[in-house]
Every structure is written in structure tokens, then in C-alpha cells.
Amino acid sequence: MTAKPRVFSGIKPSGDPHLGNYLGAIRNWVNDQDRYDNFFCVVDQHAITVAYDPVNLRANLRQLAALLVACGIDPDRSCLFVQSHVAEHTELAWLLTCTTPMGWLERMTQFKDKSVGGQRERVSAGLFTYPTLMAADILLYDTLVVPVGEDQKQHVELARDLAARFNHLYGDVFTVPEPVIREVGARVMGLDDPTKKMSKSDEGANRTIGLLDTPKAIQKKFARAVTDSEGHIVFDDNRPGVTNLLTIHQTLSGLTKAELEARFAGRGYGDLKKELGELVAEALTPIQQRYIELTEDPRTLDQILADGAARAQAVAAQTMSRVRQAMGLR
Ligand code: AMP
Ligand code: TRP
């Protein structure tokens with residue numbers, strides 16, 4: 001039997017996880033668990049690259065880990081752990097930082113977006129070197145496949161380039177990873193402004209659907225979702241509002257573009273929004289039920305994360321030993 005390809009992915013505990021996280025990432029991790037050898041990481045050290053509150057960070061971390069299990073990440077089939085529980089991540093991040101040309105980091109669009117104008121003087125150096133920590137996450141586990149949403153593609157490509165550069169400089173140490181991005185759902189947009197992606201650091205509560213939102217709140221947010229004045233319901237890149245709603249429908253209903261357009265021909269936005277609210281609530285309700293059960297039993301979650309950290313650390317320690325050897329640090 002050949003070993004299954006290794007998958008690694010991460011998610012930041014920096015706020016309430018949302019429908020974009022679920023459709024762009026978590027759901028795909030869950031559905032592909034049998035195809036891969038899986039490592040999923042709650043990346044708390046990435047969350048501290050911007051201003052944060054330590055008490056909230058701890059609460060967010062537990063909420064996110066429990067939600068991942070509730071979404072279907074199965075601790076028997078996947079190693080689920082917290083980044084800061086495995087010290088090798090920061091050690092490798094430094095070694096990779098010393099191997100990364102400044103120019104590569106300066107080209108990262110996420111850093112450029114978050115450090116516009118005078119902000120550049122104030123943002124942390126950690127925000128700048130964020131992609132080298134992410135590369136360390138990936139490369140520590142001989143990862144082949146990195147399933148992410150569209151916004152992380154450039155970072156995964158940097159990890160791939162860094163692995164190749166490192167192997168060229170110091171010998172064949174790292175597996176070279178590939179980003180895997182699903183066609184549908186890889187970029188869920190904000191409901192209040194469909195030109196901005198749905199994100200945890202939202203300006204208004206109407207931008208995102210939280211995974212813990214009630215059916216009523218979900219219906220209300222879809223009802224208020226920004227569309228346009230054209231009225232007919234078709235996929236159209238120039239009409240991001242209605243296209244975003246149809247895309248969300250597609251991820252959950254599995255209908256093709258043509259089937260969806262036929263379904264809503266001659267109908268109004270109100271119908272689409274109502275149906276979407278029902279579809280999303282239906283998908284989230286069982287997740288919320290499992291989440292509540294898990295929060296009532298904190299020891300189970302502690303055990304899952306402790307087991308995950310031990311498993312991850314065993315792999316990471318081996319990689320680090322090869323890295324130190326190759327770099328002349330031993
Ligand atoms: P983050 O919340 O930034 O840690 O992202 C965790 C995962 O969710 C990554 O794979 C992201 O690419 C994905 N993701 C975040 N926001 C969205 C979005 N609006 N649409 C699709 N995927 C997303
Ligand atoms: N930076 C990613 C995000 O914001 C999260 C992340 C950290 C990650 N390390 C990773 C994703 C490694 C994939 C692989 O979404």
C-alpha cells in the first residue's frame with residue numbers, strides 16, 4: 001500500500017470563523033480526509049502578527065478548534081493541533097527567514113494591503129515575515145498538498161519557491177508543496193460589499209455569516225445583502241453581488257451554473273435570498289449542535305489537541321533534525 005499524500009492547512013484564531021472559511025477551506029478539508037494523510041493547524045502565532053487581546057485569543061482558539069471538530073475534522077483521521085504547541089514552527093520560521101530574499105516578501109499582496117500608506121511604519125515585522133512562518137508550517141510536515149482559499153495562493157507559492165531555494169542551497173531537505181484551490185467557493189465575498197472578501201476582520205456585522213449565527217440572523221443578513229438594480233438572476237462578473245449569492249448557492253446545492261440560472265429565471269432577488277438563507281442554516285445547524293456538545297465537555301477537546309500536538313511534534317522534530325544538519329547548525 002502506498003502512503004497517502006500529506007495535506008497541511010491552517011486557520012487563524014483571530015475572530016469568529018465564517019462561511020468563507022467553511023466553503024473555501026474547512027469543508028474541503030473535511031470531505032477529502034480519506035484521500036490524504038491530514039494535518040490541520042490552528043495558527044495562533046499568525047494571529048498575533050496584528051494587535052490582539054490575549055484573553056480573546058485563548059477563547060477564539062478553543063472556539064475554533066471545537067468548531068473544526070464540529071465541522072467534521074475527525075481526530076482519528078486527521079492530526080488537529082495548535083501551532084504554538086509545537087516549538088519547531090518558530091525555529092524553522094527563523095531559519096527560513098534567513099533564506100528568504102526581502103524582495104519576495106515585499107511582493108506579497110496581503111502585506112501590501114495591510115500596510116498601505118503610513119501604516120507601514122506601524123505594522124509589526126511579524127506581519128512582514130508572516131509568509132516565512134506559514135512556509136515553516138507547511139514544510140515541517142513534508143506536505144504535498146495545501147488546500148486553501150484563493151487569498152492564500154501567493155503565500156503557498158512562496159512556500160514552494162522557498163522549499164526549492166532551500167533544497168538548492170543546502171541539499172534535498174524539503175518536499176515541494178502545491179496549493180490546491182477549488183473552483184467554486186474559493187473566494188466568498190462580503191454580503192454588505194461584494195467587492196470585498198468575507199473576512200474575520202470585518203467592518204460591519206452584515207459582511208459575514210458566522211458559523212455560529214442563528215437561522216434568523218442568517219436569513220436577515222441574506223435579506224440585506226447588497227445586489228444591484230438589474231433584477232434578473234444570472235452569473236455575471238460585472239454584477240458581484242448576485243454572482244456571490246449564486247456562488248454560495250452552488251457550493252451548497254451542487255447545482256451547475258446553468259441549472260441555477262434556469263431555477264431562478266423570472267424570479268426576484270428575494271426568492272434567491274430566502275432559499276440561500278435556508279440552505280446555509282440547514283448546513284450550519286448540525287455543526288452548531290455538535291459544537292455545543294463539545295463545549296460542554298472541554299476535556300475531550302484538550303485531549304484531542306494534546307494528542308495532535310504530540311503527533312505533529314514527532315514529525316516536526318525529524319524534519320528539524322535534517323534542516324539543522326543541512327544548514328551546518330549541528
Ligand atoms: P483565515 O481565516 O485567514 O485564517 O483563513 C483560513 C482559510 O479560509 C484559508 O484557507 C483562507 O484562504 C480561507 N478563506 C478565508 N476567507 C475566505 C473567503 N472569503 N472565501 C473563501 N475562502 C476564505
Ligand atoms: N495564512 C493562512 C490564512 O490566513 C493560515 C495559515 C497559516 C496556513 N499557516 C498555513 C494555511 C499553512 C495553509 C498552510 O488563511
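A polar contact here is a pair of N or O atoms within 3.5 Å; within protein, one must be able to donate a hydrogen and the other to accept it, and residues adjacent in sequence count only if both atoms are side-chain atoms. On that basis, a nitrogen atom of ligand 1 sits 2.8 Å from a polar backbone atom of V188.

This is a predicted model, in which local features need pLDDT of at least 70, side-chain atom pairs count only at pLDDT 80 or more, and totals for chains, interfaces and linings use all residues. Residues are numbered from 1 along each chain as its sequence is written, chains are lettered from A and ligands numbered from 1 in the order written, and side-chain values use heavy atoms, without hydrogens and water.

Back to ligand 1. One of its oxygen atoms is 2.8 Å from a polar backbone atom of K12. K200 brings a polar side-chain atom to 2.5 Å from an oxygen atom of the ligand. Alone, ligand 1 exposes 490 Å², and the protein buries 94% of that (Shrake-Rupley, 1.4 Å probe).

Which elements give two or more residues to the shell around ligand 1? They are β1 (6-11) and α1 (19-31), as DSSP runs (helices H or I, at least four residues; strands E, at least two), numbered from the N terminus. Of these, α1 gives the most, with 4 residues.

The shell counts 18 residues, each with a heavy atom within 4 Å of the ligand. K12, D151, V188, M198 and K200 are the closest.
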